[in-house]
Amino acid sequence: MKLKHITTSVAALAMLCACKPTHHEPQALTLEVPQIVPDYLGVTFAPNIAAPSFTILDDAEEYQTEIGRKGELPAIIIHSDDDGEVEVPLKQWAKLLEEAKGDSIYFRFAMKADDDAPWLGVKTDVMAYVSPNPIDGYLVYRLIYPGYELWSTLGIYQRNLSNYEQTPIVENRDFEQQCVNCHNFAANNPTTGMMLHVRGMPEYGGTILSSGGTVEKLNSRFAGANHGATYPSFSRDGKFIAYSANSVGQLFHTSGAKPIEVVDVAADLLIFDVDNHQAYSDSLIMGTDYIETFPHWSPDGRTIYFCRAKHYDVKHDNPATVMYDLCAIDFDPVTHEFENLRVLYAASEEGKSVTVPRVSPDGRWLMFCRMDYGTFAVWHPESQLCLMNLADNTWREMNEVNSNSIDSYHSWSSDGKWFVFSSKRLDGNWARPYIAAFDSETGMASKPFVLPQKKADFYDEFTRTYNIPELITEPISNADELIQTIQTQKPREIQLLP
């Protein structure tokens, strides 16, 4: 049945009640809080986040949901029929959050089992907190079907987090269904620097770089490198991009929870100088003894964190024996020299593997994924987010945000007060972006919530995975130029200097 709802302001409540009842006072109370999906109860909201919609799962004929600021009358009242769908109006929600910044809001529920039953209310309001700190205004992600065989229809999109507006950046229907991936930004700002890869036909393939007001296409296979540039990390000043140059393969399981395994056949680390269009590496991070992948810069641009495993024979060795340690190496941006390679966490000694290290903007914390083996967390149900204190390299599992179903790719907001990560916790099939507040003083995160959508049943019906969620401070405004560059430009050759 279609959702019916009545939204009122507190000022208009009395007048509306005079002509038509809009509020039902519970005639009985229960201690049992209803279950809602997606779950937004007890979370910390950013003051600029879009209104969450959800479904009440408890069986009833009618539902009443009230939302308001702690200690005040409800600012929003929503009536739902027996489908239990609650779709919160955007304008009233935005006004409530603005008034409640740094304070709590409540969700108050009541329900009526049938026409003859009394209204049953929940005795205790369910609280949520509104942070005084806004989140970066946009989220960029790739939408792709979750199998390895259906990448012919995909694109990279940006979502305005204060409403539900999603706009395409590039869609591969505009260039012969070639694969597009690995978008990345300098300091969460596409104006400072952004890039993405296009894989496939030579006339379209390459690395698309937007920097200094110019968009160009680079040959992803640097001259002198063993493999093509793959996983990127922009330095915060936009002057360098660290790449792992990977040779990637796929293995298929005949049974079990992991249908596919994406493996590195080989990989090295490279540094690309954006202004000079030159690339650098070193024998410390390039060669056949080790596989290096997923680099990430420190905020000062002088240290690169990455994952490293011992080289193995993909044709004969079991991929379940390949485990990556968390490492770091120093880089001099003037001399382009590398030194002081070190292991920060020898996960392999514990029979574990780490991937996707991401350093907070203040340089104090490093978030990573930990799993049983390998480096491609999206196919590992046991993948969990972990947090390292870079002052002493101690780390912990982030139990306050983890679930039992693939918690993986993560990225920080520009100020480090928020982060977003991928999780398949809703149904085990599709990755969705989850958002959590972060306290840099304590190193603790709030209860995460899934990206809000306008329709309560959105995630029941949307069958594409959100891949590589990245927060940005301003929208990407040159999408047409990116597409034109993909379609028409020949890739520029880049030399890896000895």
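**Close-up views of a predicted model**

**View 1. Pro38 in the loop between strand E2 (36-37) and strand E3 (44-45).** Strands (E, at least two residues) are DSSP runs, numbered from the N terminus. The peptide bond from Val37 to Pro38 is cis, and its omega is near -10 degrees. Most peptide bonds are trans. The model is predicted: local features need pLDDT of at least 70, side-chain atom pairs count only at pLDDT 80 or more, and totals for chains, interfaces and linings use all residues. Residues are numbered from 1 along each chain as its sequence is written, and side-chain values use heavy atoms, with hydrogens and water left out.

**View 2. His277 in the loop between strand E20 (260-273) and strand E21 (278-280).** Although His277 is not a glycine, its phi is positive, at about 55 degrees. His277 counts as buried because its relative accessibility is 14%; buried means under 20% relative accessible area (1.4 Å probe, protein chains only).

**View 3. Val356 in strand E26 (residues 353-359).** Val356, a residue other than glycine, has a positive phi near 50 degrees. With 7% relative accessibility, Val356 counts as buried.

**View 4. Strand E15 (residues 189-199) and its pairing with E14 and E16.** Eight of the 11 residues of E15 are buried. Two strands pair if DSSP finds at least two bridges between them. Strand E14 (residues 179-186) pairs with E15 in the antiparallel sense over six bridges, and Val180 has Val198 of E15 as its bridge partner. Strand E16 (residues 206-211) pairs with E15 in the antiparallel sense over five bridges, where Gly206 is the bridge partner of Val198.

How values were computed:
Helix = DSSP H or I, 4+ residues; strand = E, 2+ residues; numbered from the N terminus. Buried < 20%, exposed > 50% of the residue type's maximum accessible area, 1.4 Å probe, protein only.
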